[in-house]
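Student: Hey, I've just opened a structure I've never looked at before. Can you walk me through it?

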Amino acid sequence: MESDKVNEENNKEVVLAEYSYKTLHKLIKSGMWKMYCSRDFQIVSVEWSDELRRMVGYQNEEDFPNVLESWENLLHPEDHERVMEEINPVLRDVTGNTIFDQKYRLETKNRGYRWFRAAGDVSRREDGTPYCFFGVFLDITERKNMRNLKERGMRL
């Protein structure tokens, strides 16, 4: 009986945590990713949230598979090298002091290139090697366009 109560409480906490996560992403209009890593600093699997998929115009794992190339292949050619080069230092910093925070363009399925900001951090094993690189993904196109207008001296 006691173990049933503990299991029920644990299940409630998991459901509440999942609801909180989904609500947060809905409110701030963000998506999330997870990249699981090997002990030799290699990304071995990727999970894209459905919110992230929708932000770039895709519906599900069938049309935007859980592989790094789904996202990487959409990077604007002028941003590709810079963004990809910023992943490795984050993974290799066993102190955990380096975070990923990049602004870049992605080619969406139906709306052309849009600006995004991705910020992520790494959960690590006891020896400091990366376990999971995870983060949030925000569409910043409107903010970027407003800033560009202001910089050109145009009134809104």
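This is a predicted model: local features need pLDDT of at least 70, side-chain atom pairs count only at pLDDT 80 or more; totals for chains, interfaces and linings use all residues.

Student: OK, so is Arg53 buried or exposed?

Tutor: Arg53 is buried, because its relative accessible area is 2%. Its side chain meets that of Asp50 in a salt bridge, 3.1 Å from N to O.

Student: And how exposed is Asp50?

Tutor: Asp50 is partly exposed, at 37%. Both residues belong to helix α2 (residues 50-55), and since they are 3 residues apart there, about one helical turn separates them.

Student: How many salt bridges are there in total?

Tutor: The count comes to 10. Another one joins Glu78 and Arg105, at 3.3 Å from N to O. Glu78 sits in helix α4 (residues 77-92) and Arg105 in strand β3, so this bridge ties together parts 27 residues apart in sequence.

Student: Which residues make up the network that those two are in?

Tutor: Salt bridges with shared partners join Glu78, Asp79, Arg82 and Arg105 into one network. Within it, Glu78 is exposed at 62%, while Arg105 is buried at 16%.

Student: Switching topic: what about aromatic pairs?

Tutor: A search of the whole structure turns up 9 of them. In one, the ring centres of Tyr36 and Tyr131 are 5.8 Å apart and the planes are at 75°, so that pair is edge-to-face. Tyr36 is in strand β1 (residues 30-37) and Tyr131 in strand β5 (residues 130-139), 95 residues apart.

Student: What about Trp48 and Trp71?

Tutor: That pair is tilted, with 6.3 Å between the centres and 35° between the planes. Trp48 lies in strand β2 (residues 43-48) and Trp71 in helix α3 (residues 68-72), so the pair ties together parts 23 residues apart in sequence. Trp48 is buried at 5%, and Trp71 is buried at 4%.

Student: Which cluster do they belong to?

Tutor: Ring pairs link Trp48, Tyr58, Phe64, Trp71 and Tyr104 into a cluster.

Student: Which elements give two or more residues to the lining?

Tutor: Those are β1, β3 (100-107) and β5. As for the kinds of residue, the lining has 10 nonpolar, no polar and no charged.

Technical notes: Residues are numbered from 1 along each chain as its sequence is written. Side-chain values use heavy atoms; hydrogens and water are left out. Rings of Phe, Tyr and Trp (its six-membered ring) pair if their centres lie within 6.5 Å; planes under 30 degrees apart count as stacked, over 60 as edge-to-face and the rest as tilted. Helices (H or I, at least four residues) and strands (E, at least two) are DSSP runs, numbered from the N terminus. Buried means under 20% relative accessible area, exposed over 50%, partly exposed in between (1.4 Å probe, protein chains only). Ala, Val, Leu, Ile, Met, Phe, Trp, Tyr, Cys and Pro count as nonpolar, Asp, Glu, Lys and Arg as charged, and the others, Gly among them, as polar. A salt bridge is a side-chain nitrogen of Lys or Arg within 4 Å of a carboxyl oxygen of Asp or Glu.
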